[in-house]
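Have the sequence and the 3D view ready, and let us take a walk through them together.

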Amino acid sequence: MNIVILDTSQQIARLAAEQVIGVVQSCESPVLGMAAGATPLLLYAQLIHCYGKGQISFRSTSTFNLDEYVALPPDSTNSYRYYMQSNFFDHVDLQAKNSYLPDGRADDLQLAAKRYERTIASTGGIDLQILGIGTNGHIGFNEPGSSFASRTRVVALSDSTIDSNRHYFGESGAVPEKAITVGIGSILDSRGLLLIATGEHKAEAVRAALEGPVSPICPASAVQLHPKVTVLLDRAAASQLTHRDDYIKCQQTPPGLASATPR
Ligand code: PGA
């Protein structure tokens, strides 16, 4: 696991974008696993910037998002489809037919989840999965207690997740109680993982994920089982790590990208 601790969110976005671009350029038909939420916004902005400068094309890329809420109205600005269109897809040359999200409005949600899993497999699997982490340690919407063997499925959201996401839902605060999420087993099938966390509020979850026992109580601890993981953290998110200074000493950061120095 390459744990990289940087000073600013902008540095994290640049390094994350380099990783994504590296994968897109090295694969004939790249497949990216996408995440929604606040964390990857700067990464998507950086990728759009690089696309605008002609440094990257997503013409032959397919994307699969980790999750989608169940039963949001089609015009909801809180859907992850809306989030992805407005924050990334609409600004690059990704082909519409190649951007997939779980269908949270399907009549048969279980079937939709199974189909999603099959569609990922039919593209040859995910080359790089982008991950955020919830304050409760979730990845995707795999809440504490999720099996490491879990596949794409319908899940109930924890109270902690509903609370964390309430501010996106305006006055009503009516966060859906269910979602379809790619499973932890499915995430671990990806050929590479890129976990990003910023902010003090993520520090405890980051510590549990990277230094705690590998346990479904902290779903993100499953990344310890994967052979190819990059973790990008700012100082605040890294602040609870017992071995923080060792990670800083050993981190592999490309030249030109200043990394955090121990204080
Ligand atoms: P956030 O969510 O990026 O909005 O903090 C991350 C997550 O819940 O996975």
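The paragraphs below go from the ligand to the pockets.

A word on the ground rules: this is a predicted model, in which local features need pLDDT of at least 70 and side-chain atom pairs count only at pLDDT 80 or more, while totals for chains, interfaces and linings use all residues. Residues are numbered from 1 along each chain as its sequence is written, and side-chain values use heavy atoms, with hydrogens and water left out.

Which side chain has a polar atom 2.5 Å from an oxygen atom of the ligand? That is Thr39. An N or O atom in the side chain of Lys202 lies 2.6 Å from a ligand oxygen, and a polar backbone atom of Ala38 is 2.9 Å from one. On its own the ligand has 280 Å² of accessible area, and the protein covers 80% of this (by the Shrake-Rupley method with a 1.4 Å probe).

Now step back to see where the ligand sits: in the largest pocket, meaning that more than half of its atoms lie within 2 Å of the pocket's grid points. A pocket is an open set of points, on a 1 Å grid over the protein atoms alone, where a 1.4 Å probe fits, with protein on both sides within 12 Å along at least five of seven lines; lining residues have an atom within 4 Å of a point. This one contains about 780 Å³ of space. Its lining has 41 residues, with Ala36, Gly37, Ala38, Thr39 and Tyr168 closest to the centre. Helix H5 (159–165) is among the elements that supply at least two lining residues, and H5 gives the largest share, 4 residues.

Finally, visit the second largest pocket, with about 240 Å³ of space. Of its 16 lining residues, Glu68, Pro74, Ser79, Arg81 and Arg105 lie nearest the centre. The lining comprises 7 nonpolar, 4 polar and 5 charged residues.

Note on methods
A polar contact is a pair of N or O atoms within 3.5 Å; within protein, one must be able to donate a hydrogen and the other to accept it, and residues adjacent in sequence count only if both atoms are side-chain atoms. Grid points are joined across faces, edges and corners, and a volume is the space filled by probe spheres set on the points. Ala, Val, Leu, Ile, Met, Phe, Trp, Tyr, Cys and Pro count as nonpolar, Asp, Glu, Lys and Arg as charged, and the others, Gly among them, as polar.
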